[in-house]
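Please keep the sequence and the model in view while reading.

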Amino acid sequence: MRANIFWQSQLLDQDNDFIQDRFPYPFIEMNADDMADLGISAGDLIEISNGNGATQGMAYPVETAKPGQVAMVFGSPAGSQGNVVSPGVNELVLPDYKHTWGNIRKLANATPRSKAVSFKSKEYTA
């Protein structure tokens, strides 16, 4: 997913303290019930892994996440979901990034930096 909170992939905001303090780790949006089942709290550092690779990020509960599904910010310099995408994707096949299977595990409790994050919804509602 792209995030309008920073410039697309956060790549151009690496030196922007305001952005880096707001999101010290790439966020991985999750369903709150899934988080509870896995013993994960908001801001905990987690890993998604599969046979293609692994990536890490910060658990971010959102109401819009369906059970069993997660969404990770695209191309963050600190961790990219591209690490778990199948190498079978090529120029002749439409990349199917949204249907990559992976295992989720907690790496660590929320750090002081991730505890300072506001987990208020990023979604605009009129």
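Asp-44 has a relative accessibility of 3% and therefore counts as buried, a class that takes in residues under 20% relative accessible area, with exposed meaning over 50% and partly exposed the range in between (1.4 Å probe, protein chains only). The model is a predicted one, in which local features need pLDDT of at least 70 and side-chain atom pairs count only at pLDDT 80 or more, whereas totals for chains, interfaces and linings use all residues. Residues are numbered from 1 along each chain as its sequence is written, and side-chain values use heavy atoms, with hydrogens and water left out.

**Salt bridges**

The side chain of Asp-44 meets that of Lys-106 in a salt bridge, at 3.3 Å from N to O. Asp-44 lies in the loop between α2 and β2 (45-50) and Lys-106 in strand β5, so this pair ties together parts that are 62 residues apart in sequence. Lys-106 is partly exposed, at a relative accessible area of 31%. A salt bridge here is a side-chain nitrogen of Lys or Arg within 4 Å of a carboxyl oxygen of Asp or Glu, and by this rule the count comes to 2.

The other pair joins Glu-47 and Arg-105, whose side chains meet at 2.8 Å, N to O. Because Glu-47 lies in strand β2 and Arg-105 in strand β5, the pair ties together parts that are 58 residues apart in sequence. Glu-47 is buried, with a relative accessible area of 12%, while Arg-105 counts as partly exposed at 48% relative accessibility.

| Salt bridge | N to O distance |
|---|---|
| Asp-44 and Lys-106 | 3.3 Å |
| Glu-47 and Arg-105 | 2.8 Å |

Not counting residues up to four places away in sequence, Asp-34 touches Lys-66, Pro-67, Gly-68 and Gln-69, where contact means heavy atoms within 4.5 Å.

**Fold and sheet**

The protein chain has 3 helices and 5 strands, and from the N terminus on its elements run α-β-α-β-β-β-β-α. Helices (H or I, at least four residues) and strands (E, at least two) are DSSP runs, numbered from the N terminus. The 5 strands form an open sheet of mixed pairing, in the order β4-β1-β3-β2-β5. Strands β4 (71-72) and β5 (103-108) stand at the edges with a single partner strand each, so one side of each is left without a neighbour in the sheet. Two strands count as paired if DSSP finds at least two bridges between them.

Strand β1 (residues 27-30) pairs with strand β3 (residues 53-61) in the parallel sense over 4 bridges; here Phe-27 stands opposite Met-58, and Met-30 stands opposite Pro-61. With β4, strand β1 pairs in the antiparallel sense over 2 bridges, and Ile-28 stands opposite Met-72. Phe-27 and Glu-29 point one way from β1 and Ile-28 and Met-30 the other way, and all are buried.

**Cores and packing**

A nonpolar core is a set of buried Ala, Val, Leu, Ile, Met, Phe, Trp, Tyr and Cys residues joined through side-chain atoms within 4.5 Å. The largest has 9 residues in all, including Phe-27, Leu-45, Met-58, Val-62 and Val-117. Apart from this core lies another of 8 residues, among them Ile-28, Met-35, Ile-40 and Ile-48. Leaving aside neighbours within four places in sequence, Val-62 is in contact with Glu-29, Met-30, Asn-31 and Lys-122.

Ser-114 is found in helix α3 (residues 112-115) and is buried, with a relative accessible area of 0%. With neighbours within four places in sequence left aside, the contacts of Ser-114 are Pro-24, Tyr-25, Gly-43, Met-58 and Phe-119. Ser-114 and Met-58 are 56 residues apart in sequence and 7.5 Å apart in space, C-alpha to C-alpha.

For the protein chain as a whole, 33% of the 126 residues count as buried. Among contacts with a separation of 6 or more, 72% are accounted for by residues 24 or more positions apart.
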